[in-house]
Each structure stands twice: as structure tokens, then as C-alpha cells.
Amino acid sequence: MSLFRSIVFTAVLVGSIVGTAVTAVQFFGTSQLIAKAEVYEKAGEALPAAGAAAAVPAGHDHAAMAAHDHEEEGWEPADGVERTAFTLAANILTAIGYALALTGLISMRGKALGWREGLMWGLAGFSCVMIAPLLGLPPELPGTPSAPLADRQVWWIATAAATACGLALIAFHRKPWTAVAAIVLIAAPHVIGAPAAPEGRHALAPEALEHQFIAAAAMTSLVFWALLGSLTGTFFRRFEA
Amino acid sequence: MSTPYMVSSSAPVATASATRLLQSAIAACLGLMIVGFVGFSHIEIVHNAAHDTRHANAFPCH
């Protein structure tokens, strides 16, 4: 089997397993919290709209901004089975995507791995795309105020990339200066700082719910990456042989 | 690994490792494109379909 096919086979198999497992975990965790937050979000949207009709002081644009956020009501999956099915599909696709990237990187290093080395790679992935972005842009519940989407996406991607380069420098080079460069790379996005949410606006969901969501999202991601890494380590070796 | 072996097979080894690197890199890029599409696309329908996945993965949303 060609190397590319081995990588794709590994990624599709691992992604399908991990995406399904993580959907089950989310069903009892983050998805429940998102549903709770949406109750606050919908109530928050209804309130300013009613308030705006009854003479809101000029210059106070909170109501206008909150209403604007959800002006564009396109198609969305109906709550229940349909929504869960789309989440399952999106989770499997995300897992296959991350598995392709992880297996590709492992294969570039050119060494056959076992589940344990795979787990280490998975934990590195967890650090790059969950822990590092989380420091500046924590996982958000619907109805949380935030900076413009494109700015946050650029910061997120740059942070994940810088952390990945930093960890690679630490893992694969042994010179002191590469370690220093790695620390600088990992710290830089946080020194620059994530795009800040506009002042004067606050989340619609209670803070306790937001904290619960951050912990649930981070722990689900830990399970995701631990599984993704160790399964990739296990299967890639077999497909490649 | 002895030196004569290295010398006699250096060209095929280099080609093989370049092929390996290329195939791995294409796979990794393909993977990142899939993640980008699911998690970062600005298309409204993609956003709504993958909504809960985006929030749970801490992808910037809304």
C-alpha cells in the first residue's frame, strides 16, 4: 500500500472512531451546556428587542448589537436527532482532518510508533489546538460577547501554529538556543494578546455556566486527543507494514 | 550502516525519502483543509451545521 493510502486509511478509521466516541461524550456534556446557554441567549435577544420599542436611551447600543448578532437566520438543523446527527458528522470530519494532519506529521518523522508514542503526539496536538488558544480565547457558550470573528480566527490559527513549532523545536532539537526560541514562540501570541471583546457587553449566560463549559470542552478535547493519538500510533504501524 | 552501503544507495534513498515527505505533507495539508472547512468556514450553512462541534472545539464562533 502506498504511504499516502496508509495515512488516509489510518485517518479515516481513527477519525470515525474518535468522532463517534466524542459525540457521545459531548451529548452528556458540552451539548447540554450549549442548550442551557441558548435559553439565556434567546431570552436576551427577546428582551432588548422589547426594550428598544419602549424608548431605549440613545448612545446605548447594547440592544442593537445583541439583536444584530443573530439577524442572519439561515438554515440550521432542527433540535434533537437532526442536530445531533450534524454534530456527529462534523465531529467525525474534524477528527479525520486532525488525524490526517497528525499521521502526516508522524510519517514525516519516519518512525513506526506504538500507542504510547502516539499518545504523546496526541497530547502535543491537545496543547496546540486546545490549551494554547484557550488561554486567550476560552471556549465560548452562545451569547458570549467577543471580538470580530476574522480577528479571533487569525489569532487562533497563529497561536496553534506557533505552539506546534515551539513544541517541535523542543522535541526534536537538543540545543539550548532552540529551547529558548521555542519558549519565545510559544509565549509570543499571549504576549501580543488575543483580540479582546468589546467593552460594556456581558455574556448572556451566567458565569458559572461559562466556567463549567470551559472545563467540559477542555476535558472532552483531552479525551479526543488521547484517543486520536494512541489509535493513530496503533493503526498507522499496522497499515504501513 | 557501513559507508559503502550509504554511498551506493544514496540516490534511491534520497528519492524515497523525498517521496515519503511529499506524501506525508499532502496528507497533513488535506487534513488541515478539512479542519478549516468544518471549523473556520464563514459560510452560514456550514457554521450552523457544525455549530456544537465548533463551540466544543473552542473554534472562534459567531
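**Figure 1. Packing of helices H1 and H4 in chain A.** The axes of helix H1 (residues 3-28) of chain A and helix H4 (residues 81-109) of chain A approach within 6 Å, crossing at roughly 140 degrees. H1(A) is therefore oblique to H4(A). The sense of the crossing between H1(A) and H4(A) is right-handed. In the contact of H1(A) with H4(A), 14 residues are nonpolar and 14 are polar, with no charged residue. Two packed helices are described by the angle between their axes together with the distance between those axes. The model shown here and in the following figures is predicted.

**Figure 2. Overall fold of chain A.** Chain A contains eight helices and zero strands. In sequence order, the elements of chain A give the pattern α-α-α-α-α-α-α-α. Of the 241 residues in chain A, 38% are buried. Where contacts in chain A link residues at least 6 apart in sequence, 84% of them are between residues at least 24 apart.

Figure 3. An unreviewed UniProt entry lists residues 7-28, 85-106, 118-135, 155-172, 179-198 and 213-236 of chain A under "transmembrane region". Two of these spans are described here. In the model, residues 7-28 of chain A are 100% helix and 0% strand, and 32 Å separates the end C-alpha atoms of the span. Residues 118-135 of chain A are likewise 100% helix and 0% strand, with end C-alpha atoms 25 Å apart.

Figure 4. For chain B, the feature "transmembrane region" is placed by UniProt, in an unreviewed entry, at residues 20-40. The predicted chain is 100% helix and 0% strand over residues 20-40 of chain B, and the end C-alpha atoms of this span lie 29 Å apart.

**Figure 5. Contact between chains A and B.** Chain A contributes 46 residues to the contact and chain B contributes 30 residues. On the side of chain B that touches chain A, the elements giving two or more residues are helix H2 (10-40), helix H3 (44-49) and helix H4 (51-56) of chain B. H2(B) supplies the largest share of this side, 16 residues. Classified by residue type, the side of chain B that touches chain A comprises 18 nonpolar, nine polar and three charged residues.

Technical notes. Residues are numbered from 1 along each chain as its sequence is written. Chains are lettered from A and ligands numbered from 1 in the order in which they are written. This is a predicted model: local features need pLDDT of at least 70, side-chain atom pairs count only at pLDDT 80 or more; totals for chains, interfaces and linings use all residues. UniProt positions are given in the numbering used here, feature names are shortened, and annotations may be inferred rather than shown by experiment. Helices (H or I, at least four residues) and strands (E, at least two) are DSSP runs, numbered from the N terminus. Two residues are in contact if their C-beta atoms, placed from the backbone, lie within 7 Å. Ala, Val, Leu, Ile, Met, Phe, Trp, Tyr, Cys and Pro count as nonpolar, Asp, Glu, Lys and Arg as charged, and the others, Gly among them, as polar. A residue is buried if 20 or more other C-beta atoms lie within 10 Å of its own, exposed if 12 or fewer, and partly exposed in between; C-beta atoms are placed from the backbone. Axes are lines fitted to C-alpha atoms, for helices over the stretch in contact, and angles run from 0 to 180 degrees between N-to-C directions. Angles under 35 degrees count as roughly parallel, over 145 as roughly antiparallel, 65 to 115 as roughly perpendicular and the rest as oblique. A crossing is left-handed if the near helix is turned anticlockwise from the far one by less than a right angle, and right-handed if clockwise.
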